[in-house]
Amino acid sequence: MIRGHGGDIYGLARKLGCEPHEIDDMSSNVNPLGPPPELMRHLEDHLDRIRALPEADAVDIRREFASSHNIEPDQVLAGNGTTQIIYDLPRALRLRDALIVGPTYADYEDGCRQNGLVPRFVHSREDNDFQIDPDDLQAQIASADAVYLCHPNNPTGQLMAADTLRSLCRAFPHTTFVIDESYLPFVPQHEAHSLIRERPANALVLHSMSKIFGIPGLRVGFVVGHADRIARLNRLARPWAVNSLAQSAVRFLLAHEVACRAFVGRTQDFVRTEREVMAQRLRAISGSIVFPSQTGFFMLKLPAPHRSDAICRHLQAEKILIRDCANFNGLSGDFIRISLKSPDVNRKCAELLRKYLAV
């Protein structure tokens with residue numbers, strides 16, 4: 001089993017002898033407002049769906065997703081979260097040379113390695129606030145079958161301009177660009193930054209409903225791309241990959257577009273306000289560096305001589321989980337990632353960090 005992600009509330013709860021719900025999980029990048037209440041009521045009212053098998057190929061939600069984005073159904077595939085799709089990609093596309101724009105989500109690399117492929121990396125730099133340099137990236141692409149790019153990036157929270165991304169795709173038409181937009185809905189005016197509708201033929205776009213709607217346990221993800229690439233991925237698709245409640249959640253969310261837009265807008269407002277408040281608190285810690293972010297999470301560089309493993313253990317003792325960035329390719333134990341939660345939890349975390357790091 002692959003480990004090293006955020007969100008291990010179960011392991012920490014066992015260690016502390018408490019219940020998982022007692023853990024304040026600031027290591028997992030999920031909507032701090034939680035799921036829309038209307039969605040939770042809908043799921044409670046439809047629990048009997050688990051008495052029957054889900055639609056084997058999830059074709060209905062694929063069609064509804066396609067219709068909501070004004071694209072063709074054969075350009076969409078649904079999966080058990082975007083992670084399942086990430087692990088299928090190297091084999092489906094028969095990749096031989098993959099380039100990952102890092103530091104970033106570990107499963108791009110793990111998905112490649114599980115399929116016998118050792119990927120290459122091009123890293124954004126700390127002295128540029130971890131913004132991706134298009135020139136650095138372009139210089140590394142020439143031989144790549146695929147380029148993996150998180151948009152906006154996890155863990156740095158940085159966003160590349162959509163027009164720049166499209167230009168890169170068009171400059172290398174024989175390379176598949178895997179653009180992961182899992183965190184894009186947290187960005188104001190996110191649709192203007194998305195490649196789902198205005199998409200070069202060689203782009204595969206990953207879309208997650210789990211993060212923005214606070215339902216990661218349901219595992220809901222989509223991939224959008226040229227019909228040929230989607231067909232190749234579909235050959236590896238497992239029957240019943242998207243469970244009954246997940247399919248029901250997708251139908252509900254797509255059928256209530258106005259309410260969902262309002263919910264996303266409230267989320268963006270909350271994230272923007274709390275991110276700035278939290279950043280101001282942490283910038284007050286002598287020697288710390290808070291990096292800019294477009295999302296509900298951000299990175300902090302710890303003041304010397306503090307290390308990420310020690311500060312993570314300190315917060316765990318207080319039932320708070322944050323993300324140790326030491327195992328991100330291109331980062332080190334100098335960095336942590338914090339995902340916003342409620343104002344009270346954010347305040348508590350900042351105060352604990354201030355007290356610990358001031359020592």
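A salt bridge is a side-chain nitrogen of Lys or Arg within 4 Å of a carboxyl oxygen of Asp or Glu. Keep that in mind for R337, a residue that has no salt bridge. This is a predicted model, where local features need pLDDT of at least 70, side-chain atom pairs count only at pLDDT 80 or more, and totals for chains, interfaces and linings use all residues. Residues are numbered from 1 along each chain as its sequence is written, and side-chain values use heavy atoms, with hydrogens and water left out.

- R337 lies in strand β13 (residues 335-339); strands are DSSP runs of E, at least two residues, numbered from the N terminus.
- R337 is buried, meaning under 20% relative accessible area (1.4 Å probe, protein chains only).
- The nearest side chain of opposite charge is D25, 7.3 Å away from R337; here Lys and Arg count as positive and Asp and Glu as negative, while His and the chain ends are not counted.
- The side chain of R337 has a polar atom 2.5 Å from the backbone oxygen of S27.

**The nonpolar cores**
- A nonpolar core is a set of buried Ala, Val, Leu, Ile, Met, Phe, Trp, Tyr and Cys residues joined through side-chain atoms within 4.5 Å.
- The largest one has 98 residues, and L137, Y148, L282 and L353 touch the most other members.
- Helix α10 (residues 257-283) supplies the largest share of this core, seven residues; helices are DSSP runs of H or I, at least four residues.
- A second, separate core of seven residues includes F291, F328, L331 and F335.

Methods: Buried means under 20% relative accessible area, exposed over 50%, partly exposed in between (1.4 Å probe, protein chains only). A polar contact is a pair of N or O atoms within 3.5 Å; within protein, one must be able to donate a hydrogen and the other to accept it, and residues adjacent in sequence count only if both atoms are side-chain atoms.
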